[in-house]
Amino acid sequence: MKRLVVVESPTKARTIRKFLPKGAYRVEASMGHVRDLPAKAAEIPAKYKDEPWARVGVHTDDGFKPIYIVPSDKKKVVRELKDALKEADELYIATDEDREGESIGWHLLQVLNPKVPVRRMVFHEITQEAILAALNNTRQIDQNLVEAQEARRVLDRLVGYKISPLLWKKIAPKLSAGRVQSVAVRLLVLREQERIAFVPARYWDLKAYLREKGQRFEAAMTHYRGLRLATGRDFDDQTGKLKKGLKQGENILLLGEAEAKVLAQRLPSEPWRVTKVDVRQAKRSPSPPFITSTLQQEASRKLGLGAQQTMRVAQRLYEQGFITYMRTDSTHLSQEAVQASRRAVEQRYGKDYLSPSPRQFRSKVRNAQEAHEAIRPAGNQMKTAREHGLSGIDARVYDLIWKRTVATQMADARLRLVTAWIDAGAGSDVATFRASGRTIVFPGFFRAYVEGSDDPEAALEDQDQPLPDLRQGDTPACEKVEPLGHETKPPARYTEAALIKMLEKEGIGRPSTYATIMGTIQDRGYARRTGNTLVPTFTAFATNNLLERQFDQLIDVGFTAGMEQVLDDIATGEREAASFLRSFYKGEAGLENRVEQALDAVDAREVSTITFPQWGNVVVRVGKYGPYAEGDIDGEQLRASLPDELVPADVTEEKLLELLREGNAPDDVLGIHPEADLPILLRKGPYGHYVQLGDDEQQGKPQRMSLPSGLTPGEVTLPMAVALLSLPRTLGTHPQTGQPIAVSIGRYGPYAQHGRSFASLKETDDIFTIDLPRALELIAEKEAKSKPLRTIGQHPESGEPVEVWSGRYGPYVKHQRLNATLKKGQTPETVTMDEALQLLAERAAKKGKGRRKGGRKKAKG
């Protein structure tokens, strides 16, 4: 008997093949979903094209039935699977165990229409034991899970396809709305609004450097003359003043700079005495094993990885059989995993480091699906990354998972915490200081894992901060007192990890969606990643304005979390999908009616306008070509485009006025061109200063040339401008092709050109003195890179090569006319076919949907 097993990816297929008897089983990959809703009008079947709901791809008047099509890039896969099925006596659907995997399996059955017995095999790790057990414990497709996934897909399609065109009409092209994505954007905007409204406050305190029993230690001043010193938490964020109920000199002391410095000078000569010592024992217990969100958060903190990169690595580790399924919200560990972890603890650290009894954890995530298991090393051996032969980022993520899992079965860490209060001075003029110490009595699980630290042993040293053996009545010597000035800080911007944590806390989204959400809000121009933080753009503010005014419920955290619960209820069969979709979409308060109302009710100029009291009378508006400032200067209403790097919370009235003045400053006339007899103007554009021959009123497009890097506007002379306008400069012809070799300046700086090849000039090259041999040398270097660095192999669908090339922004993979840049941690030498296919698939999904390219036009409303 021959059996066909279908999984989602080639890597997963290769791993599973190793565990099945040769000849009896054939394992093939579906390359993800084989059916989906139409992505464009051309894909809508002819019989539906004239229907009013056809563009959405969902029959909103007939139970919200979706139109499914087989995309053109999946037709070959379907054909090959059908051919394989003809030779099989049984079909095994072995897609992932979550709703998405169940849906992929169901769609496979709809497309393949098998006439042989069908079995659904489910496993959460790809090991020989798990695969063989799954073969012997099959079930049918879970229709409830399929309906829950379909309801989510339809819900997201309705929101995206109905609200996104409204955003295009009222704000700017190419924007998108999403059921979860828009809530995430709102959280970023609300935090940025808090930062804009924030008023900093300054306060002072003192730090003393003391010595007792030969050991130096530090103490911080907490009280003076019986009054507690003000700290950051005592100030109102929006006024910068002490909070209500706190009165200077009565129940709190706001220490100023002058007084702090006087005390710092006087206190070292005063008597110091320990008045009280508190000693207490504390324990720390290990964190639960990873779920999807906590893995993403910890990989961000420890390894600097984004959510999408973390999931790519985790997917790879899962499909190669190294870890359990990586999309889960359960912290449960199987008995096999618990026993394996306890063996690993005993072997590596000794019995003393084992927890007294096996630990299990209950998930704190709202609506968690406890039937799943936490992310852990696969199998029952608990091998380390080195024992598996892993390297690079794969090894680092696996090591993170291994340590977190093993730590769950380790003993609590025991600590000794000491707090000492020390008075300086006498009588009523006493300053009170506090010193804190911490000693690790027994490290317990700290030996394996310290949250937020990549080196447990180093972290142990950092956590061990003992005080000398202080006793009441001791008189430590004061070596120095240092005055310290502080300024309150605005609320921190979200990192990807922090935003995921907030979404998870509120019950918004699911393990499979977090990474996608983080990618979408950045790809759509709603946020930029600066360092590790997510900074919302002005476009995010304008979009949030519209959604708050017309779709307030849709971006409400509680409402969105409630929808997640409904989808969970559909997955368990407790709720019917069509009635929920009907109540969401139809009716007076339904999405359909709200969108219709918004076409007339929403004022495009109003929602695109962003104002804050701190900006005075200047406003920021988001227009077709991006954000711009608008304000009155000397009775004249002026506009100026905002630079891309400008961050909303960092905008001040002074900065906006400066941009308005610069953007509307009269052109600097450098002189008259000696040959053209036209004025040469020095102007500033979105990408820097440039010289222009003639004004905008002359016939045809004026000749322009950017200033080269390092040349400031003040250094530009008339002869220099004439030379710039003489570009491009032809140096000669190529000895082989006979084509001209020219040099000029483009958006990215000076370059040499040969046909369609462009080679950037080096810093040591002068565009006005470079000769033909040097230009040929640069072009030869560039054209040598026009060959692939490596051919990975043939694409499984097209048969065409998948190659790695070197590009301006780093190495990228290429298949036919599609390019995708390698991610951080991936190298041309090690990138695999599966990784390349995933990169290409992600790029294909974004192609044509990116932000407007090219130069920004003059600001318009």
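**Salt bridges and a buried glutamate**

Let's start with Arg 3 and Glu 90, whose side chains form a salt bridge with N and O 3.2 Å apart; the term means a side-chain nitrogen of Lys or Arg within 4 Å of a carboxyl oxygen of Asp or Glu. Arg 3 belongs to strand β1 (residues 3–7) and Glu 90 to strand β5 (residues 90–93), so this pair ties together parts 87 residues apart in sequence. Strands here are DSSP runs of E with at least two residues, and helices are runs of H or I with at least four, numbered from the N terminus. Glu 90 is buried, at 7% relative accessible area; buried means under 20%, exposed over 50% and partly exposed in between, with a 1.4 Å probe and protein chains only.

This is a predicted model, in which local features need pLDDT of at least 70, side-chain atom pairs count only at pLDDT 80 or more, and totals for chains, interfaces and linings use all residues. Residues are numbered from 1 along each chain as its sequence is written, and side-chain values use heavy atoms, leaving out hydrogens and water.

The whole structure holds 55 salt bridges. Another one links Glu 257 to Lys 261 at 2.8 Å, N to O. Both residues sit in helix α7 (residues 257–266), 4 residues apart, about one turn of the helix. Elsewhere, salt bridges with shared partners join Glu 8, Lys 12, Asp 96, Asp 98 and Arg 327 into one network.

Now look at helix α3 (residues 99–112), which contains Glu 102. Glu 102 is buried, at 0% relative accessibility. A polar atom of the Glu 102 side chain lies 2.8 Å from the backbone nitrogen of Asp 142.

Terms used. A polar contact is a pair of N or O atoms within 3.5 Å; within protein, one must be able to donate a hydrogen and the other to accept it, and residues adjacent in sequence count only if both atoms are side-chain atoms.
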